[in-house]
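Hello,

Here is the structure we spoke about. Please look it over first, then read the notes below it.

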Amino acid sequence: MAESTAQAAGSPLAPEWLAVPSDLNELVPALWAHDVARGPGGDLTVAGLPVGEVKSRFGSPVFVLSEADFRARARAFKDSFDAAFADVCGGVDVYYAGKSFLCTAVAAWAHQEGLRVDTASGGELAVALRAGVPGELIGLHGNNKSDAEIERALGNGVGRIIVDSLDELERVARIAAARGTDTPGSGPHGSEAPRAKVMLRLTPGVHAHTHEFIATAHEDQKFGLSMAAGTASEGFTGAGADSGADGTASMAEEAIAAAAGHDSIELLGVHCHIGSQIFEPEGFELAAVKLLAFVASMRSAYGVELPELDLGGGYGIAYLPGDAPRPPAEIAEALAGVVRETCEKLGITAPRISIEPGRAIVGSTTFTLYEVGTIKDVVVDLPAGGMGGTAVRRYVSVDGGMSDNARPVLYDADYSVVLANRTSEAPAQLTRVVGKHCESGDIVVRDAYLPADVRAGDLLAVPGTGAYCWALSSNYNYLARPGVLAVRGGEARWIVRPETEDDLLSRDMGA
């Protein structure tokens, strides 16, 4: 089409950041696992396995994950942070944030590479335990843990329960104390009573530069115990440095005082998480400074030693060619410098640091492979205040969509896409890749350039889908959820099998 040829110079419909690629067949390394490449025939390969073979043997859509890349990224975080913090606190405990993507294979890989596993529900805890991760190397998060989840965590010797509220702290203390009364020869406060290992999740009031729905350290959201003066319960005045001039204290200080009063609680330290998909280092560094100052003030006010500090995760990855995430070593060195300097100023021994990367480990290990179906060119009126006239937008429909990647509709997330089964010298065509669901918002890739000769039956690959895609997947319109295929050394195996129609109907109890 004439319109397609014209698109090679760019399109008035394209957003400002979207440049026409100089080579539509080129792979931008930051977007992909290290072992993804173009094969001799132009098709995409992962660890030497061509996507055409993936399609013929395993179908589509399918999440294709590089096991070697996952392991390498996990090791990079562990090795980099251990090296940077060796003289600060002897190394770092790296918890893989399972909420990004968790199955028994992934949990086992993380454990084998020296990481611990962070879980956010009883279900995630069950997966980690099934994978053979020892309880003491697991953390349990959640802003509304049930008593059953707390019981399960304590029963399996979970290494840390990250407490999110004063109410939860009291429930954990009560449940742990009751478990003590069931132990022969021990009372609820006896020396033999099991103690719940607890970290307090604090809200440091640091605004992360990310989407509103994934920023988690500002005051007006559901997570954590506020560090702001005046947020404590009525009647609690506190004695710490974070108390207000009028003697009012923070909810965080109140939680410290409460935890110190429970013999059934072993208070390990404090935790924060400022958000997700963050590139700028300043937010992480400011949060570290604020929490270390809090640790120092609590020791002074209550004589409470807090031996651990978890600085969370949220490190960004590349979804678009222009994204420039920081490597783990750079993140580690910057944070270590801040922690070292701050502890020296405060005159305190540095607590044991832990972090929780999830997306930064698994996100780029995976791409989603789709098959092209319907292709439609739509004539769009341009704004009268600009160039005026019309332009063509091409809609390319694939065999998946918002049921396997909800992030575009939830967060306005942007992705890139490539023609995967061949190369092409056709001109660049502005394209919107969409799914097959009955929703106009069912968009997989909002704006991208693909070759103008893309046709039904072609394969498209969307990189960066390892995090929060399978985890957020659904059966909307009764589509079966795709499986996750792990590839290593040219061999592929399911680590999560695809659903079948029998699975879809298995919970339908009939008329």
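**What was found**

Strand β18 gives the most to the lining of the second largest pocket, with 5 residues. Keep in mind throughout that this is a predicted model. The lining of that pocket has 26 residues in total, and those nearest its centre are Ala19, Pro21, Val28, Pro321 and Ser416. Two strands, β16 (418–419) and β18 (443–451), each supply at least two residues of this lining. Sorted by class, 20 of the lining residues are nonpolar, 3 are polar and 3 are charged. The volume of the second largest pocket is about 490 Å³.

**Cavities**

How many cavities of 30 Å³ or more does the structure hold? There are 2. The largest cavity contains about 60 Å³ of space. Its lining is made up of Ile278, Phe279, Phe284, Tyr315, Gly316, Pro325, Arg326 and Ile331. By class, that lining has 6 nonpolar residues, 1 polar and 1 charged.

The second largest cavity contains about 40 Å³. Phe63, Leu65, Phe101, Thr366, Thr465, Gly466, Trp470 and Val484 line this one. Here 5 residues are nonpolar, 3 are polar and none is charged.

**Nonpolar cores**

The largest nonpolar core has 114 residues, and the members that touch the most others are Phe81, Phe85, Tyr96, Phe101, Leu200, Val270 and Val339. Helix α10 (residues 282–302) gives the most to this core, with 9 residues. A second, separate core has 24 residues, among them Leu44, Leu49, Phe58 and Leu459.

Leaving aside residues up to four places away in sequence, Phe85 touches Gly90, Gly91, Val92, Ala332, Leu335, Ala336, Val339 and Ile353.

**Helices**

The buried residues of α3 are Glu67, Asp69, Phe70, Arg71, Ala74, Phe77, Lys78, Ser80, Phe81 and Ala84. When you look along a helix, remember that an α-helix has 3.6 residues a turn, so residues three or four places apart point the same way.

In helix α5 (residues 104–112), the buried residues include Ala105, Val106, Ala107, Ala108, Trp109 and Ala110. Glycine 114 follows α5 and has a positive phi, near 95 degrees.

**Two single residues**

Threonine 342 sits in helix α11 (residues 328–346). Why does threonine 342 count as buried? Its relative accessibility is 11%, and buried means under 20%. Not counting residues up to four places away in sequence, threonine 342 touches Val289 and Leu292.

Glycine 363 lies in the loop between α12 (359–362) and β14 (366–381). Is glycine 363 buried or exposed? It is buried, because its relative accessible area is 0%. Beyond residues up to four places away in sequence, glycine 363 touches Ile317, Gly358, Gly464, Thr465, Gly466 and Ala467. From C-alpha to C-alpha, glycine 363 and valine 444 are 16 Å apart in space, and they are 81 residues apart in sequence.

Regards

Terms used
Residues are numbered from 1 along each chain as its sequence is written. This is a predicted model: local features need pLDDT of at least 70, side-chain atom pairs count only at pLDDT 80 or more; totals for chains, interfaces and linings use all residues. Side-chain values use heavy atoms; hydrogens and water are left out. On a 1 Å grid over the protein atoms alone, a cavity is a set of points where a 1.4 Å probe fits but cannot get out, and a pocket is an open set with protein on both sides within 12 Å along at least five of seven lines; lining residues have an atom within 4 Å of a point. Grid points are joined across faces, edges and corners, and a volume is the space filled by probe spheres set on the points. Helices (H or I, at least four residues) and strands (E, at least two) are DSSP runs, numbered from the N terminus. Ala, Val, Leu, Ile, Met, Phe, Trp, Tyr, Cys and Pro count as nonpolar, Asp, Glu, Lys and Arg as charged, and the others, Gly among them, as polar. Buried means under 20% relative accessible area, exposed over 50%, partly exposed in between (1.4 Å probe, protein chains only). A nonpolar core is a set of buried Ala, Val, Leu, Ile, Met, Phe, Trp, Tyr and Cys residues joined through side-chain atoms within 4.5 Å. Contact means heavy atoms within 4.5 Å.
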